[in-house]
Amino acid sequence: VFPYSVFYLFYEQYLTITDETIVNLLLCIMAVFLMSFVLLGFNLGPALIITVTVAMVTADMFGLMYLWGITLNAVSLVNLVMSVGISVEFSSHIVKSFTMSKASGRLEKAYDALIRTGPSVLSGITLTKFVGIIVLAFAKSQIFEIFYFRMYLGIVILGALHSLVFLPAFLSFIGFTNDFESFKTKYDCVETSTPDNCSPGTRSPG
């Protein structure tokens, strides 16, 4: 004979919640890296940058949960898993724009990516999500106010800050530039020895 209550089902989650959190978040971050690697044309550098940014947002969410007194349970774990997916939406556009930029140099590419993609990230992702979750602030239910409004608000703010503030600065220092086009121009110039095909700095000696 042992005591039993329907509430024991809710308390049982705390026996494995830590292990479940670690496993689920690691699997999500690994999936982010694999999909970014494939969709960015098997480019390892940008995929790593996106993965690091997403991991930083997730780590910041844990700090925000501590400051706001949000406990780790099944509901907050689901929100943390969702934060990984939402963070990709913020950072992937900036990184993709950086890799596709035709500007020369990391700083110029980061500036070009922020100018071209930053407004879309701010208006199309940040503000639309903010408007969608602000109504949860007026909810009378504690679970909606704490576990949904506060955590979703944190996800949006942290995702926007990392994509619009941290990521351009990060890319300007260690972003991966593609110098294939400039190398190809120099190679064609030497091979053809035609002045019309050469830029002033790449003309053939002949």
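**Helix packing in a predicted model**

Q: What share of the 206 residues of the protein chain counts as buried?
A: This is a predicted model, so let's start with the overall burial, where a residue is buried if its relative accessible area is under 20%. Across the 206 residues of the protein chain, the share that passes is 34%.

Q: Which pattern does the protein chain follow along the sequence?
A: The protein chain has seven helices and zero strands. Reading along the sequence, that gives α-α-α-α-α-α-α.

Q: Among contacts between residues at least 6 apart in sequence, how many, in percent, join residues at least 24 apart?
A: Contact here means heavy atoms within 4.5 Å. Take the contacts in the protein chain between residues at least 6 apart; the part joining residues at least 24 apart is 69%.

Q: Is the crossing of helix 3 and helix 6 left-handed or right-handed, and what classes of residue make the contact?
A: The crossing of these two helices is right-handed. By class, the contact has 16 nonpolar, three polar and two charged residues.

Q: How much of the accessible surface of the protein chain belongs to carbon and sulfur atoms?
A: The whole accessible surface comes to about 12,800 Å². Of that, the carbon and sulfur part is 69%.

Notes:
Residues numbered from 1 in each chain as written. Predicted model: local features only at pLDDT ≥ 70, side-chain atom pairs only at ≥ 80, totals over all residues. Heavy atoms only, no water. Left-handed = near helix turned anticlockwise from the far one by under 90°. Helix = DSSP H or I, 4+ residues; strand = E, 2+ residues; numbered from the N terminus. Nonpolar A, V, L, I, M, F, W, Y, C, P; charged D, E, K, R; others polar. Buried < 20%, exposed > 50% of the residue type's maximum accessible area, 1.4 Å probe, protein only. Areas by Shrake-Rupley, 256 points an atom, 1.4 Å probe, with all protein chains shown as cover.
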